[in-house]
Amino acid sequence: TNADKKNVLMQFGPGVLSFVVIYIMLACMRDFRDNFSVEIWKEVGGVFDKTVFSRTELITSLIVLIAVGSLSLIKRNSKGFIGVQLLIGFGVILSASSTLLFQQKIITPFWWMQLVGLGLFLAYIPMQIALFERMIALYKIKANAGFFVYICDSTGYLGSVALILYKEFFMRDLSWAKVLMNFSYWLAAICLVFLVLAAIFFKGKRRAMKAAEPAAVQPV
């Protein structure tokens, strides 16, 4: 009900807001990379052919499938919730690190596009699948994951449009590849900050729940 939605946001607003900011960043970078992959490939001078997309995305899909699937092996929701956040943090760090390695000419354009995409989806997919389900189970929230994902999606796509408009009107001299490189650094910095803020908030919530639980009740 509407009352339930308001109650959830009042109780968990700061934590949910942190996740929404992270999702906006991830959605912006995902759309930008997907929509302008051809232009980016041409600008970085990689070996571009019709199979390059299938090769990079196949590798990314397999690794993300294994990584996200492995989260189900964590039975305790408290550890699973932390595990999802660590995977998101690892993903954004991988995207930024691969950009730095590419700019230092340590890796090739192919491996930059491969790793920046892999890191992006290692962070993006768990937010749609596992993060909110673990949160709901751990904190016994009267809600469903679709409600939180809808909030993230609606704001995420708005941010994606805003990024493209900003590029067209205020960064016209920058190449598409340069925008992606700069954004990968901002992605890592902002997401890591808000992951820490979310961790602090939810840890406080968890302590409050434990204090309110009867002594005989075991933690989830």
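This is a predicted model: local features need pLDDT of at least 70, side-chain atom pairs count only at pLDDT 80 or more; totals for chains, interfaces and linings use all residues.
Residues are numbered from 1 along each chain as its sequence is written, and side-chain values use heavy atoms, without hydrogens and water.

Elements are DSSP runs numbered from the N terminus, with helices being H or I of at least four residues and strands being E of at least two.

Beyond residues up to four places away in sequence, Ile-40 touches Phe-32, Arg-33, Trp-112, Met-113, Trp-176, Ala-177 and Leu-180, contact being defined as heavy atoms within 4.5 Å. In the pairing of α2 with α5, Ser-37, Ile-40, Trp-41 and Val-44 of α2 meet Pro-109, Phe-110, Trp-112 and Met-113 of α5. By class, this contact comprises seven nonpolar residues, one polar residue and no charged residues. Here Ala, Val, Leu, Ile, Met, Phe, Trp, Tyr, Cys and Pro count as nonpolar, Asp, Glu, Lys and Arg as charged, and the others, Gly among them, as polar. The axes of α2 and α5 come within 10 Å and cross at roughly 145°; axes are lines fitted to C-alpha atoms, for helices over the stretch in contact, and angles run from 0 to 180 degrees between N-to-C directions.

Zero disulfides (pairs of cysteine sulfur atoms within 2.5 Å) are found in a search of the whole structure. Cys-28 is in no disulfide, its nearest cysteine sulfur being that of Cys-191, 10 Å away. The sulfur of Cys-152 lies 12 Å from the closest cysteine sulfur, in Cys-191, and is therefore too far for a bond. Cys-28 is buried at 6% relative accessibility, and Cys-152 is buried at 1%. Buried denotes under 20% relative accessible area, exposed over 50%, and partly exposed in between, using a 1.4 Å probe and protein chains only.

Arg-55 lies in helix α3 and is partly exposed, with a relative accessible area of 36%. Arg-55 and Ile-106 are separated by 51 residues in sequence and by 21 Å in space, C-alpha to C-alpha.
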